[in-house]
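Dear colleague,

I am passing on the structure below, together with notes on what came out of going through it. Please read the notes beside the coordinates.

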Amino acid sequence: MSNIKIICKNTGIEKEYPIGTTAAQIAADQKVRLQEPILGVKVNNKLRELGFEFFKPKTIEFIDVHDPIGYAMYMRSTVFILFKAVRDLWPEATLKVEHSLPLGMYCEIIGGKGKITLDMLARLCRRAQEIIKSDLPFGRTQLPTEEAIEIFRKNHLNEKALLFQTRSELYTSVYTLGQTANYFYGYLVPSTGYINHFRIERYFGHGLIALRPDYEKIAGGNKSDFFKAIVREARHNGSKLFNTFQEQKDWLDIMGVPYVGNLNKELKEEGAGRLIKVSEALQEKKIASIADQVVKRPGCRIVLISGPSSSGKTTFCKRLSIQLQVLGYKTAEISLDDYFVDREKTPLDENGQYDFESIDAIDRDFFNQQLRQMLEAGKETEIKLPTFDFKEGKRKFTGRKVRITPKTIVLVEGIHGLNPALTDIDSLYTFKIFVSALTHISIDTQNPVSSTDNRLIRRMVRDYKFRGYSAIDTLDRWPSVRRGENKNIFPYQENADVMFNSALLFELGVLKKHAEPLLREIPESSEHYGQACYLLKFLSYFRNIEEKEIPPTSILREFLGGSSFLY
């Protein structure tokens, strides 16, 4: 029998193995040790399970839960364990994963169980721990799609059956855990025993949260602190972020498209016209409602708008401006980007690089000075605005001016808009808005669509169209963008007076045809190849949607082009 060469990045060892050797056997032979148990392996930068067999030379890298891909495997596996536990205890019910939260995945038990009581939580936890202790293997079988659909129907997974009826794949993977079948659009860990940081908690009584494996780190490693974190998370998300997700969920149910299979069916039978018109009308109504709230606040003169990358903040700002003008107010739009300090004064990060996302990169003294000028304008006043020259790294005055009257509302857009350290202006005069693409449509009951993936695809398309960046360029920058968001944006999102969800029900079907060619250009040799494969598979669930009916004022036009706004 001939051998093949395997290069292992973890150990730096190049070694020949017999054809058919598995990744798990190589890990054992080379005594690969990571911080946590090995969950999977990147084979030529593409994720595979540990049972993957080698028939050609490959370069491999083993991963654990500290790798983002490993973390995703861990959480999917946790969800399958919970799904099985629910089915074992209450065969008529099922587990639905609604969306992610900072501490984990928010889930509900649907099918007549109602609120989750403490007794239900205890029983569910015991059953899940039994499954974990049994160290059951996660099985995966490729079946003709028609056979897979029949399995899903028999297991009362009708939304999965509908999903695959609307796809053209000949074969489909079916995962099993004991006698329980399911489907996931990403790999799982080898067996239930790998889930060594399992914990669930009740969340508002309506559902539960399956906690991240690093929840103890988030809580400071102290049980008392941990429960404080749970309560704090529940309180915050219950008041704003959580309610925004729930509102979107209720709207999708009303529209009859809670899952991608329902969406694809409607597109096939009715076309995209209704979905586009209703989705855009809903957003316009929301923006008009926010404008009403702004003007009803006595003394409000400044609106601070923040949100993560590719959330559509700029278009939202322009559309809010229009709605405020409808109510009889003048508006002035300014960007925090024009208040950067000169390049040599920019703070440095831990690697000695310029930290443009730090709040100290903003000249807050000058910014607040100009805000006070605007607030104190008792009659029409002309104020010179700065423009930041990013090429030279200098603030310039190029003749830009804004006229402020007592009935002018100033709209300030930037990532630090909700940070209390940004401005010392009395909150009586301000209104704060958090904008993000909080995607709520799900692939199916156990596979929610990631809002982060949605924003990444938006950014990838925009970067290519308007900045000349390739998909690799966008993916190179994305980890830094995410770190900046987690440090400078998300900790302050609950400071908002209102949250606006910029996600559009139809957008992934539109973005798909723009993003897929960019992702296919990423070569196997790239470290981003695995993520490209993942995003391509994710997009494959959505039917293509033509963009001709999308209005020129749509938030999606900020990423596609064809907007009637100037950026």
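The notes below begin with conventions and overall figures and then turn to strands, helices, a loop, a surface patch and salt bridges.

This is a predicted model, in which local features need pLDDT of at least 70 and side-chain atom pairs count only at pLDDT 80 or more, while totals for chains, interfaces and linings use all residues. Residues are numbered from 1 along each chain as its sequence is written, and side-chain values use heavy atoms, with hydrogens and water left out.

**Overall figures**

The protein chain has 17 helices and 23 strands, where helices (H or I, at least four residues) and strands (E, at least two) are DSSP runs numbered from the N terminus. For 567 residues a compact globule would have a radius of gyration near 24 Å, and the 25 Å of the protein chain agrees with this; the radius is taken over C-alpha atoms, and the globule rule is 2.2 Å times the number of residues to the power 0.38. The C-alpha trace spans about 85 × 55 × 55 Å along its principal axes.

Of the 567 residues, 54% are buried, a term that means under 20% relative accessible area, with exposed meaning over 50% and partly exposed in between (1.4 Å probe, protein chains only). The accessible surface of the protein chain comes to about 25,200 Å², and 49% of this belongs to carbon and sulfur atoms; the areas come from the Shrake-Rupley method with a 1.4 Å probe, and for residues only the protein chains shown count as cover. Among contacts (heavy atoms within 4.5 Å) with a separation of 6 or more, 72% are between residues 24 or more positions apart.

**Strands**

Asn3 stands opposite Pro18 in β2.

Strand β12 (residues 207-211) is largely enclosed by the rest of the structure, because five of its five residues are buried. Gly207, Ile209 and Leu211 lie on one side and Leu208 and Ala210 on the other, so that both faces are covered. Strand β7 (residues 104-110) pairs with β12 in the antiparallel sense over four bridges, with Tyr106 opposite Ile209. Four bridges also join β11 to β12, again antiparallel, and here Arg202 stands opposite Leu208. Tyr203, which lies in β11 (residues 200-203), is buried, with a relative accessible area of 0%.

**A helix, a loop and a patch**

Helix α5 (residues 158-165) is also largely enclosed by the rest of the structure, since six of its eight residues are buried, namely Glu159, Lys160, Ala161, Leu162, Leu163 and Phe164. Their cover includes α4 (145-154), β9 (171-177) and α9 (260-270).

Thr346 is placed in the loop between β14 (330-335) and α12 (364-375) and counts as buried at 7% relative accessibility. Leaving aside residues up to four places away in sequence, Thr346 touches Val341, Tyr354, Asp355, Phe356 and Ala361.

On the surface, Ile322, Val326 and Leu327 form a nonpolar patch with about 250 Å² of accessible area together. Patches are made of residues with over 30% relative accessible area and no salt bridge, like charges being joined within 9 Å and nonpolar side chains (Val, Leu, Ile, Met, Phe, Trp, Tyr) within 5 Å. Val326, in helix α11 (residues 313-326), is exposed at 60% relative accessible area.

**Salt bridges**

A search of the whole structure finds 43 salt bridges, each a side-chain nitrogen of Lys or Arg within 4 Å of a carboxyl oxygen of Asp or Glu.

Finally, Lys84, Asp88, Arg127 and Glu130 are linked in a network of salt bridges.

With best regards

Notes: Pairing = 2+ DSSP bridges.
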